[in-house]
Every structure is written in structure tokens, then in C-alpha cells.
Amino acid sequence: LTLTGTDVNQDLFDPTRRPSVLAALEAARAVVVFHETIGEKLRREVSTVAAKLQVIGQAVLCDGSRYDLRAAAGLHPGDFVFFQPAGIRRVKNIPAVVPPFERLSRRHPGLRYVLAGPVIEPEEAARVTALLEGRPWATSLGAVTHDQICAGLSAVEVVVNSSLSEGGMSNAVLEAMSKGVPVLASDIEGNRSIIVDGENGFLFGSEAEFEAKAERFLRDPGLRSVVGRRARSTAATQFRLEGEIDNYLALYRSVAAGC
């Protein structure tokens, strides 16, 4: 059983969902989390899971097909694109980025915000749609394929993550970093497990900090280049696909041997 974030950070503490999470944990022969911070939380809440808990970090495989994201979003050649690949649900906290982008767009007319992701929670999607409506600097592409996301990363300047929680590490963040795209991400456990603020990305803990750091990226192409290079190096050295595969194979062999 692999835990990816919401199951531990939210469902485990929801009285209506907790019994289902506990039952699944009890039934599993092995439990995988992406980072030790999630493992620690799980051990505190469910001590019986400790003996079958494994930490296996995620890796990146982001080879995109041909996809013209800028054309799909109706962008112009000189536009500066903040890209947020995220399924539309409350935990992604998408509305939080709208006010600072609104203010930034007044100072930087070429700023564009592009959201791409499927509707997971219809009520949240209605909220997001209403917030973006009538804002010429914002575009929502709806659901796009993983290959299209990966291809589209080459056409954007910064990737945004505003999640309230992550299950150790965000695929969207890792994929952006693997392509050398600077990331501006919320200051939460999962993002801190990947990003060192000011080194290989930026973290924000408030609306004001988001606005200030987004503006630094807008104004300083040299900063974007340096942060992007460091991000690519982090992804290449610490999140290798071969390492993830080998760890899962070892775990599966161990579980199968005990059957």
C-alpha cells in the first residue's frame, strides 16, 4: 500500500474516513511513504504500522510528446508564464494565488497564469472558475495528459505549487525541477523535502511572500536560470528512476517471499 498524502494528512484525521484508512493499513503486508516526515506522522497515529513501513522516495520520468502549451493557452511570444499543473480540489489551494497575481499583473502586463488539471471536486472547480473569470491574465486549460504537461514545461518560466499538504513530495514540483524550471511552492513538509528555499526553488508561507518571490522571478532572468540549473541537478542526483525501481523490486520480493 502506497500512501500519497491526503490519506495521511487529512483522511486519517477525519472521523468518517479514519476507519477505512486504518482497515487498509491493517490489511496491507507493506506500507510505503515517500518521505520520512509522513512516516513519522503515521507511526505516531498508528503504532502497529511501524514494522511494515518503508520510505521510498519518488523519482521523475517526464518525457513529453509534442504539445504547444502557449498556443493552447492563447499566449503571445513575450508573455511570462506562471504554470500550475494541479487537479482541481481544495487541498491544492488554487484560489490563494489569485490575489497576488492580480496585483502583479498590474505592474507586469505580460504576466500570464496558466492552470492545467482535471476537475476532482466539482464545488472547488466552480469556485476556481468564478475566481478566474474576467481576468485576462489567467487561463485554465482543463484536463491535459501527463505527456502534454511534460512537453509544456519547456514553454513556461515558473511552476507554481500552492498545496496545503503533500505526501512527501509533489510530482508536479519534481517534474518541473527535472526540466530546469524554477518552482515557487508553498512552505509545507512535502515541498521542504525537495526544495531548499532560495537555492533550488522558492518557498512561500504567506500571500505577501508569494507576491514578493514571484516578482523576483519576473524581474531577474539570471536568478531564474541559476535556480533552474540547481533544480535540475537536484532532480537528477537525488530522485533517480533506477533507485525508486530497485527499492520497490526489493520490497516486492521481500513480501512475496513471506507469502
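Predicted model: local features only at pLDDT ≥ 70, side-chain atom pairs only at ≥ 80, totals over all residues.
The secondary structure of the protein chain consists of 12 helices and eight strands. The C-alpha trace spans about 60 × 40 × 30 Å along its principal axes. Of the 259 residues, 50% are buried. Among contacts with a separation of 6 or more, 71% involve residues 24 or more positions apart. The accessible surface of the protein chain amounts to about 12300 Å², and carbon and sulfur atoms contribute 51% of this area.

In soluble globular proteins, nonpolar side chains tend to be buried together. In the present model, the largest nonpolar core contains 34 residues, and Phe83, Val159, Met177, Val183, Ile194 and Ile195 have the most contacts inside it. Two or more residues are given to this core by each of β3 (80-85), β4 (111-116), α7, α8 (171-178), β7 (183-186), α11 (221-238) and α12 (241-257). Helix α8 provides the largest share, four residues. With residues up to four places away in sequence left out, phenylalanine 83 touches Leu69, Val114, Ala116, Ile149, Leu153, Val156, Val158, Val159 and Val160.

Valine 160, one of the residues touched by phenylalanine 83, belongs to strand β6, which covers residues 158-161. Its relative accessibility is 2%, and because values under 20% are classed as buried, valine 160 counts as buried. Beyond its neighbours within four places in sequence, valine 160 is in contact with Phe82, Phe83, Gln84, Pro85, Val97, Phe101, Leu184 and Phe210. Leucine 12 is 148 residues from valine 160 in sequence, and the C-alpha atoms of the two residues are 27 Å apart.

A search of the whole structure returned one disulfide. This bond joins cysteine 62 and cysteine 150, with the sulfur atoms 2.0 Å apart. The torsion about the S-S bond is about -110°, and the disulfide is therefore left-handed. Cysteine 62 is located in the loop between β2 (53-55) and α4 (69-72), whereas cysteine 150 is located in helix α7 (residues 146-152), so the pair ties together parts that are 88 residues apart in sequence. Both cysteine 62 and cysteine 150 are buried.

Notes
Residues numbered from 1 in each chain as written. Heavy atoms only, no water. Buried < 20%, exposed > 50% of the residue type's maximum accessible area, 1.4 Å probe, protein only. Contact = heavy atoms within 4.5 Å. Disulfide = S-S within 2.5 Å. Core = buried A, V, L, I, M, F, W, Y, C linked by side-chain atoms within 4.5 Å. Areas by Shrake-Rupley, 256 points an atom, 1.4 Å probe, with all protein chains shown as cover.
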